[in-house]
Amino acid sequence: MATTALIEITPLASEKLEKVLAEEGQEGSLLRVMVTPGPNGGFQYMLGVEKEAGENDFVIDTESVQVLVDAESAPLIEGAQIDYVDGLMRSGFVISNPNL
């Protein structure tokens, strides 16, 4: 397990993640971010909740939650940013990744 600044989590995204975990009764849990091959080529992101980090996980500390990235996803997501957009047309988490 390594602690790193592999990806950036904006303050608003961090706040929203904490709120979602609390609403789900998962306070203190960690957010898992994975990059997987997409069905038509390219990649897609998967988000999940874990109780603890694995041996080969990278741990990203944010203002309010910890984010886990597995070793296989790390090179694909390095330099990415997770933000939360709250707009008229859509609201939700947005991952901006210069690598993909």
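**Exercise 1. Determine which residues are linked with Arg 32 in a network of salt bridges, and where they lie.**

Solution. The network of salt bridges links Arg 32, Glu 50 and Asp 57, a salt bridge being a side-chain nitrogen of Lys or Arg within 4 Å of a carboxyl oxygen of Asp or Glu. The model is a predicted one, in which local features need pLDDT of at least 70 and side-chain atom pairs count only at pLDDT 80 or more, while totals for chains, interfaces and linings use all residues. Residues are numbered from 1 along each chain as its sequence is written, and side-chain values use heavy atoms, with hydrogens and water left out.

Step 1: between Arg 32 and Glu 50 the closest N and O atoms are 3.4 Å apart. Because Arg 32 lies in strand β3 and Glu 50 in strand β4 (residues 43–50), this pair ties together parts that are 18 residues apart in sequence; strands are DSSP runs (E, at least two residues), numbered from the N terminus.

Step 2: between Asp 57 and Arg 32 the closest N and O atoms are 2.8 Å apart. Asp 57 lies in the loop between β4 and β5, so its pairing with Arg 32 in strand β3 ties together parts that are 25 residues apart in sequence.

**Exercise 2. Decide whether Arg 32 and Glu 50 are buried, partly exposed or exposed.**

Solution. The classes are buried (under 20% relative accessible area), exposed (over 50%) and partly exposed in between, with a 1.4 Å probe and protein chains only. Arg 32, with a relative accessible area of 11%, is therefore buried, whereas Glu 50, at 29%, is partly exposed.

Technical notes:
Helices (H or I, at least four residues) and strands (E, at least two) are DSSP runs, numbered from the N terminus.
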